[in-house]
Amino acid sequence: MPRERLTTERVLAEFERVIQSNRHFHLNDSVDVNVVHVEMPHGGRKTKRAEINLEKHLMKKRSIIRIRNNDQLCLARALVVAKAKIDNDPKYTSIVDHRRAMQTRLARELRQKAAVPLGPCGLDEVKQFQTYLSDYQINIVSTDHQNALIYVGPNQEKKIYLYLYDNHYNVITKMPGFFERSYYCHICKKAYDHREDNLCPNACPYCRFPDCPVESWVHCNDCNRMFKSQACFDRHKQSSGKSICATMVECSE
């Protein structure tokens with residue numbers, strides 16, 4: 001709806017139309033209505049924002065690869081860099097270096113193959129890239145949304161995380177490092193410091209790690225519990241603070 005058509009009368013009439021708590025409820029001039037307009041982000045060229053020193057912030061984060069460009073290919077560039085990182089591409093050093101021609105060439109090829117028009121990229125364009133990169137799950141973290149995920153693609157083993165700040169995409173290489181936490185669950189998309197804090201329903205109830213298959217049950221003499229495998233057993237012994245073994249004990253009585 002055009003902004004000039006969003007009048008006070010229209011807002012109040014719509015409010016009265018949908019209210020359900022009392023069918024005889026009517027608004028009067030004692031009610032204050034606050035309207036917040038949120039503009040959906042678009043990626044393109046990076047612009048300066050004086051109130052936040054992103055330069056200094058990003059330089060401190062080793063979990064972020066900064067995409068440097070003077071064109072409108074930052075999303076495509078970020079995707080080819082992230083893809084090369086995940087795939088351990090032998091040409092990764094050349095791809096991540098924006099001064100070399102390879103990153104530009106691959107970004108242009110990706111944009112063309114995904115049928116994404118040249119220009120600023122919002123979530124519609126992200127979805128187009130996701131359709132083409134069907135073997136990867138694209139995730140977009142937005143600083144305008146308090147570093148929350150604003151897009152999560154279909155689940156895939158290979159996961160790409162991009163950081164959208166001021167209409168510019170960068171690559172997140174390690175989600176725990178990005179959130180300054182010890183762990184990150186790629187299923188429930190939560191960062192945490194202690195494995196026992198991971199309440200994801202897909203996490204193993206014994207070691208609190210996702211995707212923990214049963215191989216050969218191992219008994220722990222310290223906590224008197226059984227574990228699905230040697231790896232599961234080893235994980236329950238590890239912790240940045242108290243281990244799961246030290247905090248969860250099964251009574252032998």
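1. Of the 253 residues in the protein chain, 38% are buried, where buried means under 20% relative accessible area with a 1.4 Å probe and protein chains only. The model is a predicted one, in which local features need pLDDT of at least 70 and side-chain atom pairs count only at pLDDT 80 or more, while totals for chains, interfaces and linings use all residues. Residues are numbered from 1 along each chain as its sequence is written, and side-chain values use heavy atoms, with hydrogens and water left out.

2. The secondary structure comes to 9 helices and 9 strands, taken as DSSP runs (helices H or I, at least four residues; strands E, at least two) and numbered from the N terminus.

3. The mean pLDDT of the protein chain is 80, with 71% of its residues at 70 or more; pLDDT is the predictor's confidence in each residue, from 0 to 100. Confidence is lowest in helix α1 (residues 8-18), at a mean of 55, and highest in helix α3 (residues 74-86), at 97.

4. Over residues 17-24 pLDDT stays under 50, and the model has 1 contact there beyond four places in sequence, a contact being heavy atoms within 4.5 Å. Residues 47-52 also have pLDDT below 50, with 6 contacts beyond near neighbours in sequence. Where pLDDT is low, the predicted coordinates should not be read in detail.

5. Helix α3 is largely enclosed by the rest of the structure, because 10 of its 13 residues are buried, among them C74, R77 and A84. After α3 comes N88, whose phi is positive, near 50°.

Note on methods:
Buried means under 20% relative accessible area, exposed over 50%, partly exposed in between (1.4 Å probe, protein chains only).
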